[in-house]
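Look at the model below and follow the text through it, one region at a time.

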Amino acid sequence: MSNAGGKATIAFIGTGLMGGPMAQNLLKNGFTVRVWNRSVEKAEALVTHGAVLAPSPAEAATGADIVVTMLSDGQAVGEVLFEKGVANALKKGAVIIDSSSIAPPIAREHAGKLAEIGLAHVDAPVSGGVPGATAGTLAIMAGGDEKIVASLADVFSAMGRVTYVGPSGAGQLCKLANQQIVAVTIGAVAEAMMLVEAGGASREGFRNAIRGGFAESRILELHGERMVKRNFVPGGPSKFQLKDLNGVMAMAEQLSLDLPLTAQVRQEFADFVNDGGADIDHSGLLIHLEKLNNRQKD
């Protein structure tokens, strides 16, 4: 089913911090969007932007051409697809775009089960955080059938920039690698912040001084600013960063890889989460490192 303008009808499942603005950008680009979220108020907020509120995931998916999922983990995605009736509600030939961050083997398993009933699956996790989701500038890593990914160009372009990275599961693998770089870089920036301050320099001055040099990055720009201003409202909760790092290490074990930097930062995030940092932004790893060095701040 397409709307009057010829655009696809999309069911968007999971309209939280990331999913909400992604769905809003699809609406801005003329798609008919039906929304469902476990916490209904987050889906209701999109009705004023033109979304249709669905009472269940299956009812959101009924008659839709495309389903986009943005959920917390692989278990949540599997539950929505196979236990809450989304897969059975779709007509053959419909496409599921899973933008959640889940383990590559689970993405491949979902793709196989959906193919058996005539449904296509694209694992398309994203990077860019809430700012990227809001601006429609997300980096989207798509795994699956390359022709199907190409056919979804107008859908992806409403949310960001898509790159085809390989067969089913490849999108999720690249997202794990992205999160690996994010976590290690957050740790490096946080340690550098402590070093310069301990030696008498200004954290803010340090960040400003190295902007534009070889250490420049989105992490330094956005999370470095969070560290200077001590604004650790998520954003990206540390518990999700830890989930992704656990996924990286599981894949490393399967592939017989030794990743010492990733292993160390995974341990630091595990300690931070276990010490009460689960729902603090991942840039808040600085708090944990300050505590290790007896340099806690208010």
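**A walk through the model**

Val184, Gly187, Ala188, Glu191, Leu261, Gln264, Val265, Glu268, Leu285 and Leu289 line the second largest pocket. A pocket is found on a 1 Å grid over the protein atoms alone, as an open set of points where a 1.4 Å probe fits, with protein on both sides within 12 Å along at least five of seven lines; lining residues have an atom within 4 Å of a point. Helices α10 (170–198), α14 (260–277) and α15 (285–292) are the elements that each give two or more residues to this lining. Helices (H or I, at least four residues) and strands (E, at least two) are DSSP runs, numbered from the N terminus. The volume of the second largest pocket is about 190 Å³, where a volume is the space filled by probe spheres set on the grid points, joined across faces, edges and corners. Its lining has 6 nonpolar, 2 polar and 2 charged residues. Here Ala, Val, Leu, Ile, Met, Phe, Trp, Tyr, Cys and Pro count as nonpolar, Asp, Glu, Lys and Arg as charged, and the others, Gly among them, as polar.

The model is predicted, so local features need pLDDT of at least 70 and side-chain atom pairs count only at pLDDT 80 or more, while totals for chains, interfaces and linings use all residues. Residues are numbered from 1 along each chain as its sequence is written, and side-chain values use heavy atoms, with hydrogens and water left out.

Next comes helix α13 (residues 238–254), which contains Gln241. Gln241 counts as buried because its relative accessibility is 2%. Buried means under 20% relative accessible area, exposed over 50%, and partly exposed in between (1.4 Å probe, protein chains only). Apart from neighbours within four places in sequence, Gln241 is in contact with Gln179, Val182, Ala183, Phe269 and His282; contact means heavy atoms within 4.5 Å.

Ala64 sits in the loop between α3 (57–61) and β4 (66–69). With neighbours within four places in sequence left aside, Ala64 is in contact with Thr9, Ala11, Arg34, Leu90, Lys91 and Ala94.

Helix α1 (residues 19–28) is mostly covered, with 8 of its 10 residues buried. Among the elements that cover these buried residues are β1 (9–13), β2 (32–36) and α7 (129–135). After α1 comes Gly30, which has a positive phi, near 90 degrees.
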